[in-house]
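Here is a friendly note to read alongside the model. Please keep the 3D view open and find each residue as you reach it.

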Amino acid sequence: MIKNDNEVVCLPNNELKAMPDNRLAILAKNNEAAYSELISRYLFTVRRLAGVYTSNPSDFDDLVSEGILGLMSAVREFDGGVKSSFSTFAGVCISNRMLNCLKRQGRISGHEEGLQDYEIPANSTPESILLSREELGEVFASIAGELSEA
């Protein structure tokens with residue numbers, strides 16, 4: 001039973017599992033069970049995005065850690081506005097945190113930053129994501145080469 005967004009009396013796990021992300025994100029600010037449920041829902045997204053940004057196993061682990069920090073930040077900062085979606089907000093927070101990590105480590109160049117806007121189809125395999133990422137990188141490099149020649 002929920003009194004309001006700031007005070008939670010009792011929330012069974014089945015209610016949390018059935019709750020939409022936006023509502024869960026608001027409750028997660030003051031409810032540890034809601035927070036845990038929301039974090040667990042997005043761990044796959046964090047791992048998927050880390051796989052998009054690197055194929056190096058040690059970088060992958062670093063990016064997963066950074067992504068989780070980005071996800072925690074998304075939960076903390078989400079305001080639940082009328083037109084906002086937690087999933088979109090969380091995706092941006094996770095991606096930005098990972099890209100900042102790669103920039104700090106000097107593992108990303110300027111043209112690769114645009115890859116964060118690339119929409120990943122739901123049925124993608126890690127190999128197809130990597131190939132698409134490499135193709136986009138080649139396109140960006142080709143465009144940059146053409147522009148510098150002009």
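The numbered points below go from the overall fold to single residues.

1. Ground rules. This is a predicted model, in which local features need pLDDT of at least 70 and side-chain atom pairs count only at pLDDT 80 or more, while totals for chains, interfaces and linings use all residues. Residues are numbered from 1 along each chain as its sequence is written, and side-chain values use heavy atoms, leaving out hydrogens and water.

2. The overall fold. The protein has six helices and zero strands; here helices (H or I, at least four residues) and strands (E, at least two) are DSSP runs, numbered from the N terminus. Of the contacts with a separation of 6 or more, 49% are between residues 24 or more positions apart, where contact means heavy atoms within 4.5 Å.

3. Surface and burial. About 9100 Å² of the protein is accessible surface, and 53% of that belongs to carbon and sulfur atoms; such areas come from the Shrake-Rupley method with a 1.4 Å probe, and for residues only the protein chains shown count as cover. Among the 150 residues, 32% are buried. Buried means under 20% relative accessible area, exposed over 50%, and partly exposed in between (1.4 Å probe, protein chains only).

4. Helix 2. Look at residues 21-28: Leu-24, Ala-25, Ile-26, Leu-27 and Ala-28 are buried there. What do the buried residues of helix 2 pack against? Their partners are helix 1 (13-18), helix 3, helix 4 and helix 5 (86-104).

5. A glycine in helix 4. Gly-67 sits in helix 4 and is buried, because its relative accessible area is 0%. Apart from neighbours within four places in sequence, Gly-67 is in contact with Val-46, Ile-94 and Met-98. From Gly-67 to Gly-91 is 24 residues in sequence and 9.2 Å in space, C-alpha to C-alpha.

6. Salt bridges. There are six salt bridges in the structure, each defined as a side-chain nitrogen of Lys or Arg within 4 Å of a carboxyl oxygen of Asp or Glu. One of them joins Lys-17 and Glu-37, with their closest N and O atoms 3.3 Å apart. Lys-17 is in helix 1 and Glu-37 in helix 3, so this pair ties together parts 20 residues apart in sequence. Lys-17 is exposed at 57% relative accessible area, whereas Glu-37 is buried at 13% relative accessibility.

7. Another bridge between helices. Arg-97 and Glu-66 meet through their side chains in a salt bridge (2.7 Å, N to O). Arg-97 belongs to helix 5 and Glu-66 to helix 4, so the pair ties together parts 31 residues apart in sequence. Is Glu-66 buried or exposed? Glu-66 counts as buried because its relative accessibility is 13%, while Arg-97 is partly exposed at 32%.

8. A loop residue. Thr-54 lies in the loop between helix 3 (32-53) and helix 4 (57-77), and it is buried at 10% relative accessibility. A polar atom of the Thr-54 side chain lies 3.1 Å from the backbone nitrogen of Asn-56.

9. Cysteines. Cys-93 is buried at 17% relative accessibility, and Cys-101 is buried at 3%. The count of disulfides is zero, a disulfide being a pair of cysteine sulfur atoms within 2.5 Å.

10. One last stop, helix 6. Val-139 is in helix 6 (residues 126-149) and counts as partly exposed because its relative accessibility is 44%.

Conventions. Polar contact = N/O pair within 3.5 Å; in protein donor to acceptor, adjacent residues only side chain to side chain.
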